[in-house]
Amino acid sequence: MKKIANILILIISILLIQNHSFSAETHKFLKTEWTFKGLFGKYDRASLQRGYQVYTEVCAACHSMQYLSYRNLAEPGGPEFSEQEVKVIAASFEVLDGPNSDGEMFMRPAKLSDKFVMPYDNVEASKAANGGAYPPDMSVLAKARKGGADYIYSLLLGYDDPPADIKLDDGVYYNKYMYGNKIKMSAPLSDDLIEYSDGTKATKEQMAKDITTFLMWSAEPHLETRHKTGFRVIVYLIILSILVYFTMKKIWSRVETKV
Amino acid sequence: MSDKKPKNRRDFIFTATAAAGAVGVGAAVWPLVDQMNPDASVKALASTEVDISSVKPGQSITVVWRGKPVFIKRRTKEEIDKARSVSLDQLKHPEKDEDRVKNPEWLVMLGICTHLGCVPLSDKGEYDGWFCPCHGSHYDTSGRIRKGPAPINMEIPEYVFLNESTIKIG
Amino acid sequence: MSDNNYTPNSKIGKWFNDRLPLLTLANHLTDYPTPKNLNYWWTFGGILTFCLITQIITGLVLAMHYIADTKLAFASVEHIMRDVNYGWLIRYVHANGASMFFLAVYIHIFRSLFYGSYKSPREIIWILGIIIYLLMMAAAFMGYVLPWGQMSYWGATVITNLFSAIPFIGEGITTWLWGGYSVDNPTLTRFYALHYLIPFLILGLVVLHIWALHVPGNNNPAGIEIKKPSNDTVPFHPYIVVKDAFALLLFLIVFAFFVFYTPNILGHADNYIEANPLVTPAHIVPEWYLLPFYAILRSVPDKLMGVIAMFSAILILAALPWLDTSKVRSAIFRPLYKQFYWILVIDVLILGYVGAMPAEGLYLLIARIATAYYFIHFLIILPVLGLTEKTNPIPLSISEPVLAGSAMATKSLEKDKIENNLKSLG
């Protein structure tokens, strides 16, 4: 058994060294408590719902979320709005459909099965409207940035006056956590920018936390099931390992060699 | 390698291990099977709303629901009468027309021949309903099988009239 | 092998077996005499078989949902992750499975290096193993291209550009590989086709690998030839089967931890950004299992020489049975080789580490020293060591260690040494 322990330790340490080498140059991100971290991590529903509000009222003017559908908002493990609420949300957007029997495209209110309406028709249009910078699609953003949720949270709160030695062009802003410290998005959040429908006070930090939680969910919509299944699988594997261990001992007791 | 010890404990540990292993294999196989079932985006399309305001008496439209054609026929008075005058013992699959429609004027049914899945042609066949060109099944104005190899009447999907001009299928 | 005389008990079995001797094969596999002192490092062969099967099955399932088209590939992967029933699980098992596969194969290879399993008469097993390893790298590389993220695209660009280093025909070869003038749709579709094919080639080679293994039988920690079957062996089933199963379960716990709790930690964040031919990510890093070779590539300042060095680093392994001149297999009885072995292990880990770091300053210097040492180990140290090293006495059999080298056993000092050695055999 000592040998096995050694092997396991070796495997884990090799992998940790590798991980370390990937994350060697991470910056110190702002710290906040995430409910979705850890073995039993779950999303905070209220935070997700507020996060969706921040998305629609603040981000959606420039950032698309092309892989999300309205139905996702009602699905288990997400913001879990009621189906009725989501129908109302969806119906407040217009989507292009068609052609109809006259061969014409037409606009209609969105349905549950429709994808989130995009702010721009294509990447070029979004660039043209934003001074040449493409506001990235946010569906998987939380997985597409090193540091994930911590990075996004820090970035949203990381706007600051530039140090004296950095000169910024028009439409470029200083951000402590952005790669190269220059960002083309102006500080998106300010206190009381929006009014939360659940009455929570809309501080910068609160909004940053809510939208980050929402983005984490949109990147990993099955995180809760994953954590739950993972726990069961690992408990099962441990039990089976113990059973197989005793079976093995029993079988090998017929020869005098130790296992 | 002779093993003359009492078998109870040995048998128990072997059986328990094998059973636990089998459970695990079964649990691991399920995701591999279930992934072929309709996914979340397909299920989300499970209902379709249809605007029927422009359909005139005698006309029929075909809409797609779950990838299958659905016939929505606005029947004339004659066609309704014809469907209702047939006595049940003449039918291969006895069903009253009244049970096949929610509003006598509107017949909503899956446009799929119950024989082998072809799409029948409308206003054809010996009973002025539908005729399947694949193997010659004749359906009447209520979509009931009257002649040919198809075993049962054309299927009625779940649907509701949301208002006078909209039907929700599924 | 004695199982040539096997006759099934039942009449039907006999009838069938006379026509297709599958039962003889099954009997051979269950009775296959295996050294009884194999330690847990020997369980990775079974673990690797499991990894291969897992990759094939999950890959087959993913292929049912994936679309190999530059416009749709990224979206189809998101579709798998979001909508397909258990799609997230199957994809994470496949993606992390690749890492687990390489983890296991590296342990398997280094076990071989330690116990001299590549030596006569097992050279063909070893060379088949090297070919499998090469194919694994090709499959992993092409698989990484399929999600069509930024790392997919730029990884494909960088790796295919390696071939452009070949004089005269290099440019032609890259254009041919791409099916265009850059990595694009034709590249993606052919990589998909090949990614689907290669695992089956690997499967075929694995059969040959095991076949070749069953001719001389397993090496063992003592590295001595043993009589089979004898007191020194146990039948493969149930002894080795249950032991392999136990080791596999422990391996699965590690595997499950990655899949369920840190599924993306071994990947790269940039691969969740859809491929963009106009923007290269700030940091291009291959998957962790290719990092040592990547470090070797970058440590050579010349383009062609770098590529040659990288491929030589792998191909040199194929010559290993002849580069290692020692008659003694197991490092347990080779006190000097044992030390050089561990230096090599550290050297490769260092190469892996600097492979993930920017190629500049101190990192580059370390990479160069480590690369040089890698080649020195195989080309100079091993041949010289085999001829000059004074090895410890070897036991005659596994079961009767005390009689080992009885002439020397009279010296109590030597005897202690043997006992210590045998203890470390487990």
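Reader: How many bridges join strand β2 (residues 60–65) of chain B to β3(B)?

Author: This is a predicted model, in which local features need pLDDT of at least 70, side-chain atom pairs count only at pLDDT 80 or more, and totals for chains, interfaces and linings use all residues. Residues are numbered from 1 along each chain as written, chains are lettered from A and ligands numbered from 1 in the order written, and side-chain values use heavy atoms, without hydrogens and water. Strands are DSSP runs of E, at least two residues, and helices are runs of H or I, at least four residues, numbered from the N terminus; two strands pair if DSSP finds at least two bridges between them. β2(B) and β3(B) run antiparallel, and the bridges joining them number six.

Reader: Which residue takes a positive phi in the hairpin of β2(B) and β3(B)?

Author: The hairpin has two residues between the strands. A positive phi near 50° is taken there by B:R66.

Reader: What is the strand order of the open sheet of three strands in chain B?

Author: β3(B) also pairs with strand β4 (residues 106–110) of chain B, in the antiparallel sense over five bridges. β2 and β4 of chain B each pair on one side only and are the edge strands. The order is β2-β3-β4.

Reader: Which residue is the bridge partner of B:I72 in β4(B)?

Author: Within β3(B), B:I72 is the bridge partner of B:I61. In β4(B), the partner of B:K73 is B:L107. For B:I72 the partner in β4(B) is B:V108.

Reader: Why is strand β3 (residues 68–74) of chain B largely enclosed by the rest of the structure?

Author: Buried means under 20% relative accessible area, exposed over 50%, and partly exposed in between, with a 1.4 Å probe and protein chains only. β3(B) is largely enclosed because the buried residues among its seven number five.
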